[in-house]
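Here is a short report on strands and aromatic rings. Please keep the sequence and the model side by side while reading.

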Amino acid sequence: MSQPPSEEAGRWLAWDRFLEATPDAGFMQASWWAEFRAEAGYECFGITFKEHDAIVGGAMVMKWSYAPRSCFYYMPDGPVLPEDEEAAGQVFAGILEFIEKHRKSEEKTVSHLRIEPRWQRVPGFVRGFQALACPDNYSEPRDTLCIDLRQTEEAILDQMKPKGRYNIRVARKHGVSIVEDASDQGIADFLGIYGTTAVRHGTEAKLPGYFQELVSRLSPGRRISIFFAEYQGRRLAAALVVYFGRRATYFFGGSLTLHRHVMAPYLLHFEIMRSAKARGCEWYDFWGIAPGNQADDPWHDITVFKRKFGGVEINRVPTLDCVYDPAAYGHYATTRSPPLVRSEWSARSIAGAAATHENETMGP
């Protein structure tokens, strides 16, 4: 199926409610995430296990066809298992059994099953999986930093590194203001700042349609916000935030080098924390950080920035692959990283207008 069908809406609704009530479950297991990714060509199917009519675990499994006769299965943020390890092992075995039956009915060759559970250790019942050697275009960050919003605002500031607190005060002193804007103009402004940042750091940028569709799907349920830090009428930094359960996640964003001395990004994220706390969120998730202190990691600079806010560092297990067909998996390895610059919507063209204006304003 290309997306959760209408006749199964009740089951998907029950699954989403279960996820949002599960403290560490991730939004990429939700039905609305499956519907969003269906626009890019992903198909999906769901598996749930119940005890006394209550869901205790399961998974939303995506299918991606990377070649005419080849595909793989993918569980971002999944599977979701019971806390009890014995019960978790039983549910995990049931999920794999269901997937195996599904695989045998596929017309295409399924090269592998990929899981990205939110575990901090690999349970003993997980066998036959191998860690992904390095991230590819079909993997998500495994390390993150989370701020506990259950504290008072004063305590949130106190647990930050001194430079983080200082830079927030600097931004306030300069009159930096924070606004929320998910209008068409807001999306355009976000794309300019985001694209400029991607060019500066040499990272791949998502295409504009990705964000337009994401905002369109999540706005009706108040699951998404776009925040900006403004100074002298200019938007200097942006952050797209996704809400799920009791967590607000900084999903994408960026900043200009223009007026860097006013420290706009620091106030931006502190005010997002305050806003998330006011709407009942318990955690602010910075989404991804570089593992360790690897200076050559493309996420090194942004990680240094994020760590100034303090918080709890979470290191999850690596992306895990269970290879079904070694030959097909080898083919996948040669096709999994398409060219970074595709069509006229490259990171540089997305950022073009913003980057040009930034340079003109900065002068020599």
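In what order do the seven strands of the open sheet stand? This is a predicted model. The order is S7-S8-S9-S10-S11-S6-S12, and the pairing is mixed. Strand S7 (177–180) and strand S12 (312–315) stand at the edges; each has a single partner strand, so one side of each lacks a neighbour in the sheet. On average, neighbouring strands of this sheet are turned by 30° against each other, direction ignored.

Within this sheet, S8 (residues 224–231) and S9 (residues 234–244) pair in the antiparallel sense over eight bridges. Phe 228 stands opposite Ala 238 in S9. The ring of Phe 228 also has the charged end of Arg 235 over it, 4.2 Å from the ring centre.

S1 (residues 43–51) and S2 (residues 54–67) pair in the antiparallel sense over nine bridges. Lys 50 has Ile 55 in S2 as its bridge partner. Two residues lie between the strands of this hairpin, where His 52 takes a positive phi near 55°.

Now the rings. The whole structure holds 39 aromatic pairs. Two of them are set out here.

| Pair | Type | Centre to centre | Between planes |
|---|---|---|---|
| Phe 92 and Phe 129 | tilted | 6.1 Å | 45° |
| Phe 251 and Trp 287 | edge-to-face | 5.2 Å | 90° |

Phe 251 lies in strand S10 and Trp 287 in the loop between strand S11 and helix H9, so this pair ties together parts 36 residues apart in sequence. Phe 251 is buried at 5% relative accessible area, and Trp 287 is buried at 11%. Phe 92 in helix H3 and Phe 129 in the loop between strands S4 and S5 are 37 residues apart. Phe 92 is buried at 2%, and Phe 129 counts as buried at 17%.

Key
Residues numbered from 1 in each chain as written. Predicted model: local features only at pLDDT ≥ 70, side-chain atom pairs only at ≥ 80, totals over all residues. Heavy atoms only, no water. Pairing = 2+ DSSP bridges. Helix = DSSP H or I, 4+ residues; strand = E, 2+ residues; numbered from the N terminus. Axes fitted to C-alpha atoms, helices over the stretch in contact; angles between N-to-C directions. Phe/Tyr/Trp six-rings, centres within 6.5 Å; stacked < 30°, edge-to-face > 60°. Buried < 20%, exposed > 50% of the residue type's maximum accessible area, 1.4 Å probe, protein only. Lys NZ or Arg CZ within 6 Å of the ring centre and 35° of its normal.
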